[in-house]
Amino acid sequence: MSTPTRPLTFFIIVLCGAWLLALPTWAQEGEGSIERVIVISIDGIRNSDGFGDPNCQGLGDVNNCLLKNLAEYVLPEGTLYTSEPGTKGSAFVNNAATWTTPGHEMLLTGVRAVGPNIGTSLDLRPFRPTIFERLRKELNWSSEEVVAVVSKPNVTQIDYSLDPIHGKDYGATLYFVPSGDWAVEDVGVATWGRCLMRGFLPDNTLEACDPTQVVPLPRFLFLHFGGVDNQGHLDWRFNFYKGAIAQVDEQIFTKIWSELCDKPDADTCADQGQNPHFRRNNTALFVTTDHGRESFTVLKHGGLDWANRAIFLLAAGPGIPRGQVITNVPQGN
């Protein structure tokens with residue numbers, strides 16, 4: 001594993017060109033400091049079906065929340081930026097194009113984007129550098145330390161930009177999990193993510209790790225879950241869309257959040273058979289989305305109305321206040 005050229009002073013995650021979260025690596029005494037970051041995108045979840053639901057904000061029955069595990073176990077450990085139920089306003093929004101490709105370009109570059117929602121037919125990469133490139137160039141990290149696992153063809157071109165002083169030489173290692181029936185890709189993304197956190201490649205079944213294929217541990221891991229959006233586009237009437245939300249919640253909780261050891265140091269984690277490298281006192285976890293969906297149907301998105309633009313950000317880790325729900329931001333900030 002390469003050594004940074006200077007101490008890591010802060011991670012900056014800029015999401016959807018709307019709000020900036022600058023996260024220092026220092027934390028309160030006894031909380032540890034940030035050594036690794038995981039950013040998760042749940043593609044295409046309408047906010048009212050997620051954290052915009054009062055049941056997901058601690059204002060009702062969490063068992064009626066589709067993101068039950070994130071709401072019950074992760075939210076008390078972190079801070080949520082979302083909308084106040086029943087209002088047309090939010091502490092976190094997509095402020096431009098509510099499609100997958102530009103949404104993720106904004107998420108990973110911090111620059112407002114209105115480009116087409118492309119597949120792989122055109123090599124239309126971001127013009128501005130991604131956070132992958134910035135981290136690698138600034139901190140001298142290898143491509144294996146900055147990793148993306150994606151599950152849609154139109155986010156396979158976010159591993160590096162066309163920026164002349166960054167670009168391919170500073171790109172991320174990218175893994176592609178193809179989509180399947182009933183959001184099977186989300187199971188694969190979570191499994192691959194957990195394997196990489198353990199230092200292994202997954203096997204071809206997408207259900208386990210291959211212990212014979214050892215890889216360096218990622219310092220920055222981006223996981224894109226495309227199943228919710230895919231199922232929403234297919235047919236919401238048979239609850240495929242809602243079922244995909246519940247499934248991705250379970251996958252993130254059981255394979256990513258639960259992989260973060262809750263013990264104070266690596267030795268204790270290893271002694272108890274837990275991951276010594278990814279711990280809750282050294283890892284920052286961000287869960288967000290790229291866009292919402294139309295208010296009257298989940299089959300479509302792309303408009304500039306409130307339901308399309310409202311998104312959320314859930315952050316947990318060292319230095320991040322616990323148990324906070326922020327539904328609006330003061331004027332001028």
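The model is a prediction, so local features need pLDDT of at least 70 and side-chain atom pairs count only at pLDDT 80 or more, while totals for chains, interfaces and linings use all residues. Residues are numbered from 1 along each chain as its sequence is written, and side-chain values use heavy atoms, with hydrogens and water left out.

Q: What makes cysteine 56 and cysteine 65 a disulfide?
A: A disulfide here is a pair of cysteine sulfur atoms within 2.5 Å. Cysteine 56 and cysteine 65 have an S to S distance of 2.0 Å, so they pass the cut-off. A search of the whole structure finds three disulfides.

Q: How do you know whether cysteine 56 and cysteine 65 are buried or exposed?
A: Buried means under 20% relative accessible area, exposed means over 50%, and partly exposed is in between (1.4 Å probe, protein chains only). Cysteine 56 comes out at 0%, so it counts as buried. Cysteine 65 is at 5%, so it is buried too.

Q: What makes cysteine 195 and cysteine 209 a disulfide, and which hand does it have?
A: The S to S distance is 2.2 Å, so the pair meets the sulfur cut-off. Its torsion is about -100°, so this disulfide is left-handed. The pair links distant parts of the chain: cysteine 195 sits in helix H4 (residues 184-197) and cysteine 209 in strand E8 (residues 209-214), 14 residues apart. Helices (H or I, at least four residues) and strands (E, at least two) are DSSP runs, numbered from the N terminus.

Q: Why do cysteine 195 and cysteine 209 get their accessibility labels?
A: Cysteine 195 has 1% relative accessibility, so it is buried. Cysteine 209 has a relative accessible area of 22%, so it is called partly exposed.

Q: What about cysteine 261 and cysteine 269: which hand does their disulfide have?
A: Their sulfurs are joined with S to S 2.1 Å. The torsion is about -95°, so the disulfide is left-handed. Cysteine 261 and cysteine 269 are both buried. With bonded cysteines counted along the chain, the disulfides follow the pattern 1-2, 3-4, 5-6.

Q: Why is the pair of phenylalanine 51 and phenylalanine 312 called edge-to-face?
A: Rings of Phe, Tyr and Trp (its six-membered ring) pair if their centres lie within 6.5 Å; planes under 30 degrees apart count as stacked, over 60 as edge-to-face and the rest as tilted. The count comes to six aromatic pairs. For phenylalanine 51 and phenylalanine 312, the centres are 5.2 Å apart and the planes are at 65°, so the pair is edge-to-face.

Q: What makes phenylalanine 132 and phenylalanine 222 an aromatic pair?
A: Their ring centres are 6.2 Å apart and their planes are at 65°, so this pair is edge-to-face. Phenylalanine 132 is in helix H3 (residues 131-139), and phenylalanine 222 is in strand E9 (residues 220-225). Both are buried. Ring pairs also link Phe132, Phe220 and Phe222 into a cluster.

Q: How do you know that arginine 125 lies over the face of tyrosine 160?
A: A charge sits over a ring if NZ of Lys or CZ of Arg is within 6 Å of the ring centre and within 35 degrees of the ring normal. Arginine 125 lies over the face of tyrosine 160 at 3.7 Å from the ring centre. Likewise, arginine 36 lies over the face of phenylalanine 278, at 5.1 Å.
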